[in-house]
There are 2 protein chains.
Amino acid sequence: MRAIKIGLFGFGCVGQGLYQTINNSKNFEGEIVRICVKDRHKVRSLPESVFTYTKEDILNDPSIDVIVELIDNAEAALEIVTTALKNGKSVVTANKKMVAENLEYLIDLQEKTGKGILYEGAVCGSIPIIRTLEEYFGHEPLNEIKGIFNGSTNYILTKIFDEHLDYTQALEEAKEKGFAESDPTLDVKGFDPKFKLSILLTHAFGINVSPEKIANLGIDHLQPSDLEFARKHGYRIKLIAQASRKNDEVFACVLPQFIKENHNLRNVNNEFNAVTLNGEFCDDQLFIGKGAGSLPTGAAVLSDISALSYDYKYEYKKHYNQGKVHFSSENAVTVYVSFEKPEHIDLNEFEAVSEKFFCFDRSYVIGKIKLSKLLQSKWVYNSKISVVQFDNDTEISEELDLSALETEILELRKGQKLREKISV
Amino acid sequence: MRAIKIGLFGFGCVGQGLYQTINNSKNFEGEIVRICVKDRHKVRSLPESVFTYTKEDILNDPSIDVIVELIDNAEAALEIVTTALKNGKSVVTANKKMVAENLEYLIDLQEKTGKGILYEGAVCGSIPIIRTLEEYFGHEPLNEIKGIFNGSTNYILTKIFDEHLDYTQALEEAKEKGFAESDPTLDVKGFDPKFKLSILLTHAFGINVSPEKIANLGIDHLQPSDLEFARKHGYRIKLIAQASRKNDEVFACVLPQFIKENHNLRNVNNEFNAVTLNGEFCDDQLFIGKGAGSLPTGAAVLSDISALSYDYKYEYKKHYNQGKVHFSSENAVTVYVSFEKPEHIDLNEFEAVSEKFFCFDRSYVIGKIKLSKLLQSKWVYNSKISVVQFDNDTEISEELDLSALETEILELRKGQKLREKISV
């Protein structure tokens, strides 16, 4: 094993975590020789001489073996990674957006350059999932992969259910404690876990699916009445990223989900993440670990750097042999949809509706809707609508007659306050 | 990647599982070319021509790349593995006893022959733990590794607590369902999980500790009154394999443990296993999966064979750089010890005793005792004594005066039925 010379881009939370893990690690032969950062005026914890503001100082330095890319900006990251691979350097990155949106291109580029890019730190922080999928499950037909892929929203949802806060209060607390960013959009709307899910689709099922094809809804529309509904039924809500295979079709989405007592994700709380797998051979597997943070993610990045010391590359076994497996959004999920006014939702887009509850201030229906509708229908993204999925094995009461329901809603729209139940 | 020619020893539960996973796997380039078995008269599911009864037919066949050893007998297995490595073949085995008892020798033999031996299937079935320790945690100072490493006893304990059975009833049911062997000694006395723990000590902490140096107590002495004690306090009992590091000392043991509500191992039931890690960088990690069974273990073996296609070997990073870390049995654990008669136990061997309960038929004390005492003291292994550990963070009430307690026991021995509490 040779000592590795590392050129680092970015010295934020994860970059500093990596520096710390390298300094406190055992038996690691390597060092960060140069760090490229953007802001010349920020006070740094290391001597000025380690830093550069010119990326070529690192990308063109022949003594540097490995480029570690830990910056925020996905476009700039892609440029760095591309140049690095073309310059004959291996790459480690934790940039989930950049990897998810360019995975087809990156696989191609690795083939062309013969150099590898590893990105364990991009998915669920310290949970060892990507190489595990490659190395342990590379030959196993998987049926399902799902879990809690985002620490910020899990922290917020934990506060909501443990401390009876509403969404806005919990978000504020998460920001104060550093568990949510000042602009939390990517997290609370479910984009961040979707990028991770998109990456895992390649390693778990061998299919590259660009993130915009995957439906995602977040937790930012959750209303007090939704939380009340959950509590009344003994549920907690978790933001679940999920993909499942039925024969040759793979379905995937990120949705808030009601989680029952004794569910294996029920006690995965605060900033912890979890990944569950179901495979033909292994049956059920569950991995839990810290999904974010300076040291946990830094350690994941370090494990990738270490793997490069013996020229490890992802083989993308399933990708290269994917056969007939393909992505589809034509399956239906069972959801609870709450709304202020009936005209905000379009019941025609449901496959079936099995429960309804109309009230002056907030109503809801429970029914089945296809992922393709969740992806395309504008009303779903109305901030006055909130959607929460039921677990597949939740028993839903018998179906209601949709046309009768339509009539009711029409009557309701006309001001005829027809109600079956009144909220208490 | 080249197609791998496999010579298989043993065609029992795991061997047949491996055959099935290979046949149903995707993208695996390899085949089992010959199987060596012992019993000529057993009816086999494959054509006679695949089998041989002479080990040299496989060990001396130059067309065979990889020897997969899946027989029961540890001594015979060691012979096969030794010859295979010396003959220039890589080895995959799932024989935890053979690996645990000979790991120092096997590491040495790998060095000398240049060939590797992989044994993921030997530890916790489908849970990907050995390569994960090597690859993800090879540079991280770990503080603790523990878990449920034995499926048979976990199945038995699950039945005991879910269905209010006593130990003997639950064992019988486990045997009927195929979850316990006809001679369950290695499982119920905690030897099987100890072999696994011994192997993990090498990969987690870099120390080779032969199994006989590690204290193990099983679940076969558990009395109805112990179960009653557990239920009354809201505990379940699990057989826990555990190792922890304090500075440069590593402690390890296998003991039944009281598991509180909300403990992360509480809901790991039936034949499932679990491994928890705590590291300096990653903090807490938890892995859950099926710990035994034909397909789960077969898949673990297959993942090892697959890794050999790119000549993967364990690097034993920590072993080769272990530095000052060493094994010790000089730490004390807090245990509940129940007994029929006070003369069965030796209170002098306790560091401290904090609670006692004397009764005509069954009494107990709670106190701290060193692992070295658990390992050496004969009274501990008396079938009329049962020992259950408390979790480290269980709060134990204040210490009792040991000499006063001695006097009480002496009086009790003399027939003076001095009791503080009477059981109800």
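This is a predicted model: local features need pLDDT of at least 70, side-chain atom pairs count only at pLDDT 80 or more; totals for chains, interfaces and linings use all residues.
D283(B) is partly exposed, with 19 other C-beta atoms within 10 Å.

**Backbone angles**

- Most residues other than glycine have a negative phi.
- D283(B) is not a glycine, yet its phi is positive, at about 65 degrees.
- D283(B) belongs to strand β12 (residues 283-290) of chain B.
- N270(B) is another residue other than glycine with a positive phi, near 55 degrees.
- N270(B) sits in the loop between β10 (249-259) and β11 (272-279) of chain B.
- N270(B) is partly exposed, and 17 other C-beta atoms lie within 10 Å.

**Helix α3 of chain A**

- Helix α3 of chain A covers residues 74-86, which makes 13 residues.
- From first C-alpha to last, α3(A) reaches 18 Å, close to the 18 Å expected at 1.5 Å a residue.
- The buried residues in α3(A) are A77(A), L78(A), I80(A), V81(A), A84(A) and L85(A).
- Those residues lie on the same side of α3(A), because they cover an arc of only 165 degrees around the axis.
- An α-helix has 3.6 residues a turn, so residues three or four places apart point the same way.
- Just after α3(A) comes G88(A), with a positive phi of about 85 degrees.

**Where the chains touch**

- Chain A and chain B each give 40 residues to the contact.
- On the chain A side, the elements that give two or more residues are α1 (13-24), α6 (130-135), β12 (283-290), α12 (294-308) and α13 (317-320).
- The chain A side divides into 14 nonpolar, 16 polar and 10 charged residues.
- β12(A) and β12(B) run antiparallel and are joined by five bridges.
- In one of these pairings, G289(A) has Q285(B) in β12(B) as its bridge partner.

**How the copies are related**

- Two copies of a chain are related by a rotation about an axis and a shift along it.

Notes. Residues are numbered from 1 along each chain as its sequence is written. Chains are lettered from A and ligands numbered from 1 in the order in which they are written. Helices (H or I, at least four residues) and strands (E, at least two) are DSSP runs, numbered from the N terminus. The expected span of a helix is 1.5 Å times one less than its number of residues. A residue is buried if 20 or more other C-beta atoms lie within 10 Å of its own, exposed if 12 or fewer, and partly exposed in between; C-beta atoms are placed from the backbone. The arc is that of the directions from the helix axis to the C-beta atoms. Two residues are in contact if their C-beta atoms, placed from the backbone, lie within 7 Å. Ala, Val, Leu, Ile, Met, Phe, Trp, Tyr, Cys and Pro count as nonpolar, Asp, Glu, Lys and Arg as charged, and the others, Gly among them, as polar. Two strands pair if DSSP finds at least two bridges between them.
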